[in-house]
Amino acid sequence: MNDQSKPPSCNCPYCDGPIHEQADLCQPCGVRISYCSKCGKPLPKNASSCPECNAAIPRERENKQ
Ligand SMILES: [Zn+2]
Ligand SMILES: [Zn+2]
């Protein structure tokens with residue numbers, strides 16, 4: 001196998017670091033990543049719709065603390 005490791009499928013919206021596929025956490029900055037349920041792209045923190053496919057993003061359970 002001479003395949004080089006594939007380029008990461010996406011980048012962290014926060015630190016722009018590479019995210020392993022569908023990882024829950026960005027390794028470089030440790031932030032929790034949520035993904036568009038429609039296209040699977042990582043979503044910016046306060047996005048109300050997906051920047052990629054414009055799908056509305058349902059709010060996850062809010063943690064009011
Ligand atoms: Zn990051
Ligand atoms: Zn999307």
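A quick definition to start: a strand here is a DSSP run of E, at least two residues long, numbered from the N terminus. With that in hand, R59 sits in the segment after β4, and β4 covers 42-43. One caution before going on: this is a predicted model.

Now the whole chain. How many helices and strands does the secondary structure come to? Zero helices, four strands. Reading along the sequence, you get β-β-β-β. Burial next. There are 65 residues in the chain, and 9% of them are buried. Residues 24 or more positions apart account for 10% of them.

Back to R59. Is R59 buried or exposed? R59 has 7 C-beta neighbours inside 10 Å. The cut-off for exposed is 12 or fewer, so R59 counts as exposed. Look also at A47. It is 12 residues from R59 in sequence. In space, the two C-alpha atoms are 9.6 Å apart.

Second residue: E52. It too is placed in the segment after β4. E52 has 14 C-beta neighbours inside 10 Å, so it counts as partly exposed. Which residues does E52 contact, leaving aside neighbours within four places in sequence? The list is C36, C39 and K41. Then there is P42. E52 and P42 are 10 residues apart along the chain. Their C-alpha atoms are separated by 9.3 Å.

To recap on those two residues. R59 is exposed, with 7 neighbours. E52 is partly exposed, with 14. Both belong to the segment after β4. That's it from me.

Key. Residues are numbered from 1 along each chain as its sequence is written. Chains are lettered from A and ligands numbered from 1 in the order in which they are written. This is a predicted model: local features need pLDDT of at least 70, side-chain atom pairs count only at pLDDT 80 or more; totals for chains, interfaces and linings use all residues. A residue is buried if 20 or more other C-beta atoms lie within 10 Å of its own, exposed if 12 or fewer, and partly exposed in between; C-beta atoms are placed from the backbone. Two residues are in contact if their C-beta atoms, placed from the backbone, lie within 7 Å.
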